[in-house]
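Biologist: I would like to learn how to read a few features of this model, beginning with the surroundings of the ligand. Could you take me through them one at a time?

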Amino acid sequence: MRRRDAVSALGVVAWAGALVAGCGWTGQPPRHGVDLYVRHCASCHGIAGKGDGPAAEALTPRPSDLTRSTAGLAELMRVIDGRRTVRAHGSAEMPVWGWVFEGVIEDDGRRERNVLHNVAVLAEYVLHLRAQAARQPSAH
Ligand code: HEC
């Protein structure tokens with residue numbers, strides 16, 4: 001990663017972390033994370049994140065069990081966003097969510113902010129699913 005990219009990525013992560021911690025500047029309800037997840041992710045990754053959603057069987061590779069991921073917030077954001085990863089150049093089954101959100105969010109001058117907000121909220125929700133799975137090791 002080039003130095004300038006690294007610095008700006010860190011800035012974004014710090015900013016997004018603050019957003020998630022403070023959450024509320026968009027007036028989104030606290031259920032925003034679960035809403036986004038259920039709408040966009042559960043079909044493949046399953047409601048509890050175990051990689052067992054209804055669409056999972058048809059995919060190769062299979063959707064990951066998100067509760068087994070060890071990625072931190074920044075890495076999750078990068079993977080979910082997908083615009084700066086190898087995935088952005090095609091092949092993988094996982095949609096590039098950064099592009100998806102760009103496509104559906106109105107460009108009112110703050111679109112990139114809102115895209116990153118969604119990505120951050122989702123990354124935080126994945127961490128939440130992981131914590132939940134750790135508390136109930138046998139539940140599905
Ligand atoms: C069409 C099915 C599909 C949907 C919908 C989907 N994913 Fe995925 N996801 C995958 C697949 C398949 C992989 C594993 C391999 C890959 O990268 O393609 C994956 C991998 C991941 C990973 C990496 C896990 C790891 O251990 O490296 C994360 C994080 C993730 N998905 C989060 C999400 C989130 C959050 C959403 C909703 C915004 C979502 N996914 C929606 C199919 C999907």
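Biologist: Which residues around the ligand come nearest?

Modeller: A residue is near a molecule if its C-beta atom, placed from the backbone, lies within 6 Å of it. Here 22 residues are around the ligand, and Cys41, Cys44, Ser64, Ala92 and Met94 come nearest. This is a predicted model, in which local features need pLDDT of at least 70 and side-chain atom pairs count only at pLDDT 80 or more, while totals for chains, interfaces and linings use all residues. Residues are numbered from 1 along each chain as its sequence is written.

Biologist: Which helices each supply at least two residues of that shell?

Modeller: Helices are DSSP runs (H or I, at least four residues), numbered from the N terminus. Those that each supply at least two shell residues are H3 (42-45), H4 (73-81) and H6 (111-135).

Biologist: Is Gly33 buried or exposed?

Modeller: A residue counts as buried if 20 or more other C-beta atoms lie within 10 Å of its own, and as exposed if 12 or fewer do, with partly exposed in between. Gly33, which lies in helix H2 (residues 32-40), is buried because 23 other C-beta atoms are within 10 Å.

Biologist: Leaving aside neighbours within four places in sequence, with which residues is Gly33 in contact?

Modeller: Contact requires C-beta atoms, placed from the backbone, within 7 Å of each other. With those neighbours left aside, Gly33 is in contact with Val121, Leu122, Glu124, Tyr125 and His128. Gly33 and His128 are 95 residues apart in sequence, yet 9.6 Å apart in space, C-alpha to C-alpha.

Terms used. Contact = placed C-beta atoms within 7 Å.
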